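Hi,

Here is the structure I promised to pass on. Have a look, and my notes follow below.

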Amino acid sequence: MELYEEQITKNLKREIETSSKTKTQIAKELGISKPTLSQYLNGKAFPSLVTFGRLCKILDCSSDDILEIK
């Protein structure tokens with residue numbers, strides 16, 4: 001299970017880094033702190049399903065891209 005979580009974290013980082021928005025903008029739009037977003041990117045925490053859905057919408061990506069669902 002841990003390997004799968006690492007891959008999700010890696011995919012989330014990729015989507016955020018290729019986004020035209022800054023991490024500060026993303027955190028603000030999500031209504032979370034920048035340190036909380038950093039925890040998501042470091043694999044120390046995972047967003048709730050609602051937050052994850054909103055994050056995908058903000059990043060204009062599919063949840064399948066992050067979760068690697070084919």
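Which residues in H2 meet which residues in H3? On the H2 side they are Lys23, Thr24, Ile26 and Ala27, and on the H3 side Lys34, Leu37 and Leu41 (contact means heavy atoms within 4.5 Å). By class, that makes four nonpolar, one polar and two charged residues (Ala, Val, Leu, Ile, Met, Phe, Trp, Tyr, Cys and Pro count as nonpolar, Asp, Glu, Lys and Arg as charged, the others, Gly among them, as polar).

Before going on, a caveat: this is a predicted model, with local features needing pLDDT of at least 70 and side-chain atom pairs pLDDT 80 or more, while totals for chains, interfaces and linings use all residues. Numbering starts from 1 along each chain as its sequence is written, and side-chain values use heavy atoms, without hydrogens and water.

Back to the helices (DSSP runs of H or I, at least four residues, numbered from the N terminus). H2 covers residues 23-30 and H3 residues 34-41; their axes are 9 Å apart, at an angle of about 105° (lines fitted to C-alpha atoms over the stretch in contact, angles from 0 to 180 degrees between N-to-C directions). The pair is therefore roughly perpendicular (65 to 115 degrees).

Ile16 touches Ile26 and Leu37 too, and its other partners include Lys21, Lys23, Leu41 and Leu59, leaving aside residues up to four places away in sequence.

Lys10 sits in H1 (residues 2-17). It counts as exposed because its relative accessibility is 54% (exposed is over 50%, with a 1.4 Å probe and protein chains only). C-alpha to C-alpha, Lys10 is 8.8 Å from Asn42, although 32 residues separate them in sequence.

Cheers

Terms used: Helix = DSSP H or I, 4+ residues; strand = E, 2+ residues; numbered from the N terminus. Parallel < 35°, antiparallel > 145°, perpendicular 65-115°, else oblique. Buried < 20%, exposed > 50% of the residue type's maximum accessible area, 1.4 Å probe, protein only.
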